[in-house]
Amino acid sequence: MNLTLIVKGLIVKSLGDLDFPEVPIVIEVPPDPNMGDRSCTVALSLAKQLKQPPRQIAEQIKNVLPIDSDPITKVEIAGPGYLNFFFSENALIHLLQAILRLNSDFGNSDRGAGQRRLFEYVSANPTGPMNVVSARAAALGDSMVKLQRKIGFSVDSEFYINDAGKQIMLLGASVKARAGEVKGNSREIPEGGYHGSYVKQIAAEAIDEFGDALFTLPDEDLGCWSADRIVENQRSTLEDYGIQFDNWFKESELRRNNEHQTALKLLEEREHTYSKDGALFFRSTSFGDNEDRVLITSDERPTYFLPDIAYHVNKSKRGYDKVIDLLGPDHHGHGLRMQAAMKAVGLPDDFLEVVIVQQVNLMRSGKPVKMSKRTGEIITLKELIEEVGPDAAKQIFLSRRWSSHLDFDIETAKDRSEKSPVYYLQYAHARICSIFRKAGDVQEADSECLLKLTAPEEQKLLRNLSVFPDTVESAALQLAPNRINSYLNDLATSFTRFYHECRVLSDDDDLTRARLAICHAVKIVLGEGLRLLGMSAPEAM
RNA sequence: GCGCUCGUAGCUCAAUGGAUAGAGCAUCGGCCUUCUAAGCCGAGGGUUCCGAGUUCGAGUCUCGGCGGGCGUACCA
């Protein structure tokens, strides 16, 4: 049940009848309910092509609109040429019944049917704990995946593990150095190595596992072993955060299968490479980059860039129509290069979409938290969710666009008093559950008693519920979970006003049943919205 | 220098190119005998960084400034 689509259908039909040219049709919700339930600006956008005043065009459209009494009772022309549509009482009651029938399927659509997509996010290096940008990316990616699935895309999520190359050797050497400290045969942590305290812990585990044989292991082998442990940690931390991936993809596998060589051949065949100073370059400047990039160094090592190209080629070979990468702000140059590479190997221009998740400034009571990556003094994702909780953290991350640089104040996030916006949505949900516990067994409302829902607060709620499918679709297509958050806030606000103005459980049986029906619908939508954000919907608080 | 990105209320942030730019926090004033006060009602608060342009219409798009962040490795 999507009232917006019904309005759109009527417009499309009218434009066809009038032989008007095809233009994109935008249906929106007017700012004031007195202006109607939906509006359309198509007359404004047709004005130029038809060389007629927009109101005159609107008049013609209005005249051919097949309006009877349901679900549209009235169409008005307003302002410069808006077409405003008014829903009938019945339309909103059918909507309410549809929500109760569909339950959490309300808002589903087939918009993305037949398309396969892959979201890659977090992909933190297996050389240390995850940071707050990973926490933000994890919340975002998880919600985007859920949203796109809801509108019919076939979506997988993936975590890419960079478990090969120089950094793994450095990790191995760092662990060895820390183990050396314990065993009294002191070594230095190498330049560019890892200093964090977690390295000491892995060193201790490595001693348990290998004993003195540890010191004769090649750095790379020890590095791989350590990386495996770190990845396991990342996986369980993400699990605690409520984030699961469909797939974990290892760079080492890619290298074992020589896929980076295959990717290189692909670029060479298409003549997008050249040699200079003993190194092999990718001519990325032909695809909009401002400098050509090295694929193979003069000492014949592949740079990180080459296997990453191979990884993305691999994604296309797995049959994805489109892949979306969520990258940190320090990788935006990398994203552009990857897009250049995708074009170079002949994939469509829009095959790879890059979302740059902007930085998170951690604050504590208004003061920035100082962190040093070099010494390993950072606040980790694990510490963050232990301190503020997964739901509160996600709510902050998902209430902003990914493009905004955000200040995350730990003390504000932890605050569970009335100052905290975090529990507002959950509180509304829990309140409804509480009403149902109190109500006991109540007969289901029929259409007749639903007609009693005439209070302004009830009408407002019904209108809010009616735009959920639209909100889901735009949030999904624009990769904007924050729209769901805003929507849920509106819905919860409307519900709370209703709760204060309209007593649900009363002596009037019909009215009680009708109000329980509306409560049930709000509960369904709140619950589904929270699920889409990866947040819990508690029955009691 | 070049590239990317952000700039909206005191603060943190919203707003498919559409009608009077909205929330939360903070400030001020009311509301618990009543289904959860983690709540509700009300008030104040704006040159959407500046300047041009495109458009019937710009916070949103284009160009030029200013300011913050980040890139610009034969590192990942």
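Student: What gives the largest share of the lining of the largest cavity?

Tutor: A cavity is a set of points, on a 1 Å grid over the protein atoms alone, where a 1.4 Å probe fits but cannot get out; lining residues have an atom within 4 Å of a point. Helices are DSSP runs of H or I with at least four residues, strands are E runs of at least two, and both are numbered from the N terminus. The largest share, three residues, comes from helix 4.

Student: What kind of model is this?

Tutor: Residues are numbered from 1 along each chain as its sequence is written, while chains are lettered from A and ligands numbered from 1 in the order in which they are written. Side-chain values use heavy atoms, leaving out hydrogens and water; local features need pLDDT of at least 70, side-chain atom pairs count only at pLDDT 80 or more, totals for chains, interfaces and linings use all residues, and the model is predicted.

Student: How much space lies in the largest cavity?

Tutor: Its lining includes L92, I93, L450 and L462. Grid points are joined across faces, edges and corners, and a volume is the space filled by probe spheres set on the points. For the largest cavity, that is about 50 Å³.

Student: How do the residues of that cavity lining divide into nonpolar, polar and charged?

Tutor: Ala, Val, Leu, Ile, Met, Phe, Trp, Tyr, Cys and Pro count as nonpolar, Asp, Glu, Lys and Arg as charged, and the others, Gly among them, as polar. E89 and Q459 are in the lining, among leucines such as L451 and L453. The division is six nonpolar, one polar and one charged.

Student: Which domains does the second largest pocket lie between?

Tutor: A pocket is an open set of points with protein on both sides within 12 Å along at least five of seven lines. Domain bounds come from an automatic or database domain assignment. Both neighbours give residues to the lining, so the pocket lies between domain 1 (3–87) and domain 3 (424–532).

Student: Which element gives the most to the lining of the second largest pocket?

Tutor: Helix 1 (3–18), strand 1 (27–28), helix 18, helix 19 (468–477) and helix 20 (481–501) each give two or more residues. The most, five residues, comes from helix 19.

Student: Is K51 buried or exposed?

Tutor: K51 is found in the loop between helix 2 (42–50) and helix 3 (54–64). Its phi is positive, near 55°, in a residue other than glycine. Buried means under 20% relative accessible area, exposed over 50%, and partly exposed in between (1.4 Å probe, protein chains only). K51 has a relative accessible area of 73%, so it is exposed.

Student: Is S123 buried or exposed?

Tutor: S123 also has a positive phi, about 40°, without being a glycine. Its loop runs between strand 5 (116–120) and helix 5 (132–150). At 14% relative accessibility, S123 is buried.

Student: Which backbone oxygen does the side chain of T216 reach?

Tutor: T216 lies in the loop between helix 7 (197–210) and helix 8 (219–241). T216 is exposed, at 68% relative accessible area. The distance is 2.7 Å, to the backbone oxygen of A213.

Terms used:
Polar contact = N/O pair within 3.5 Å; in protein donor to acceptor, adjacent residues only side chain to side chain.
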